[in-house]
Amino acid sequence: MDLVISILLIVMAPIIGGLIYGFERIIRARMQRRIGPPLLQPFFDFLKLADKRKIIVHSTHAFLGIVHFFSLWFALAILLLGGDLILVIFLHLLSTALLILAGYSTRSIFSHLGANRTAISILAYEPILILIGVSVFILTGSFDTSSIFNYREPLLFKLPLAFIALLLILPIKQKKSPFDVAEAHQEVVGGVELEFSGIFYGAVYAAKWLDEIFCYSLVYLFGANNPILGLGLVLFAFLYVNALDNSSARVSYKQMWRFTLMVALPVSFINLLLSILQHLL
Amino acid sequence: MKLNAFRKKSPWILHYNAGSCNGCDIEILACLAPKYDIERFGMINTGNPKQSDILLVTGPVTKRSRERLVEIYAQMPEPKVVVSCGACACTGGVFRGMYNCEGGIDQYIPVDVYVGGCGTRPEQIIDGLLQALEILAKKTKDFEESVRLKKQVGREAWQINRRNVAAEIKTVIQ
């Protein structure tokens, strides 16, 4: 039964992600007292992009955009099937690395800047995700996400600091203000996604929807064996990320890097030490 | 499946200031703000020519900006429409005949919708954009190029060189 649900989720992931993305745009508009686009707007965007003429810089660049989408989908599939948490984190890293490679493969300066900034944001959030994964391992004795579901208590009560650390890096992962240096439409015009056009940009655009699902399923893991708690946490994270996005200005990449080093990384380290202490006692 | 219907539902706008006095640009910003909110039509101000459908130009074309204008127009993938926003972009406005201006963007690129007014009102801009959408839905994906170029666009069997350079207007417009 669980397998059926997770396979259904994996197959429907782009559709659910698109709905979440559309809902997010409405929520953001309502927070600014605007009406906002219709709920199905991301799909309209995607179909329009599929219809447009394609301008390709070179074929590898366009191909990397498509591979980015599918590798992210693959990472999401392993996460939803209850696979290895570290493997999932590294597959997600791989899919972002493909996008960075695409960014460096063109001659556009904005594309290079975006690739640099994406690499810096990876440096900012990746250690924290891995530390969270390790503390989950110490608690449950396994890296598998299925072991979190079989654990007797929700992770939120055992590792509250890990949840706080995850909340601190969620805006970096989702490229939301104040940590949206990687995308920064006013500065680097979308960064790595600048040179994509037509259906290839459609793939990168749809990968953003998958990223949403990826982030929110990481949040859901903290309330894994209590679905109401899990969905509540997802809703809380959703509102938190969007409220923060609407109410804050962009910081520079140095400030972002300093913030993750000074605040988020120590929080996840303390969390790791506490979980080791719990394990020993 | 006919995908033409979706063009009207998600037009992405590229706004280019070809030497405008910023009056029209402020009105375009007002369109994005809560009162007029053009995002309810699915429009986004992208700032990236490769992903946008509507080129919204303000200002008379100054000699400095015309090459950028032609280059940006060439970088936009078809189907695309051009909306000239304000009296200056339509005809040159008060700058018509001056030594540094060209008098209207239709000297360089084919324009689909002209929106008049010195300081266009946001209502007029929205009306012009919606008329542009009607044109966008009917357009084909045929290659469109600028009116006045220094050299012909290079075409080979498998690719089109889109690096276009605008030619000067020799005669001063009376």
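This is a predicted model: local features need pLDDT of at least 70, side-chain atom pairs count only at pLDDT 80 or more; totals for chains, interfaces and linings use all residues.
Chain B first. Its fold counts five helices and five strands, and reading from the N terminus the elements go α-β-α-β-β-α-β-α-β-α. Of the 174 residues in chain B, 52% are buried.

Now the interface. Chain A and chain B bury about 2600 Å² between them, and carbon and sulfur atoms account for 53% of this area. On the chain A side, A:Lys48, A:Asp51 and A:Arg53 stand out, supplying 28% of the area that chain A buries against chain B, more than any other three residues. In residue terms, the contact draws 29 residues from chain A and 33 residues from chain B.

Charged and polar pairings turn up here too. Eight salt bridges link chain A and chain B; one of them pairs A:Lys52 with B:Asp53, whose closest N and O atoms lie 2.8 Å apart. Across the interface, 20 residue pairs are in polar contact, counting pairs with both residues at pLDDT 80 or more. As for where the touching side of chain A comes from, helix 2 (41-51) and helix 10 (199-220) each give at least two residues, and helix 2 of chain A has the largest share, with eight residues. Sorted by type, that side of chain A holds 14 nonpolar, five polar and ten charged residues.

Note on methods: Residues are numbered from 1 along each chain as its sequence is written. Chains are lettered from A and ligands numbered from 1 in the order in which they are written. Side-chain values use heavy atoms; hydrogens and water are left out. Contact means heavy atoms within 4.5 Å. Buried area is the accessible area (1.4 Å probe) that two parts lose on being put together, summed over both. A salt bridge is a side-chain nitrogen of Lys or Arg within 4 Å of a carboxyl oxygen of Asp or Glu. A polar contact is a pair of N or O atoms within 3.5 Å; within protein, one must be able to donate a hydrogen and the other to accept it, and residues adjacent in sequence count only if both atoms are side-chain atoms. Helices (H or I, at least four residues) and strands (E, at least two) are DSSP runs, numbered from the N terminus. Ala, Val, Leu, Ile, Met, Phe, Trp, Tyr, Cys and Pro count as nonpolar, Asp, Glu, Lys and Arg as charged, and the others, Gly among them, as polar. Buried means under 20% relative accessible area, exposed over 50%, partly exposed in between (1.4 Å probe, protein chains only).
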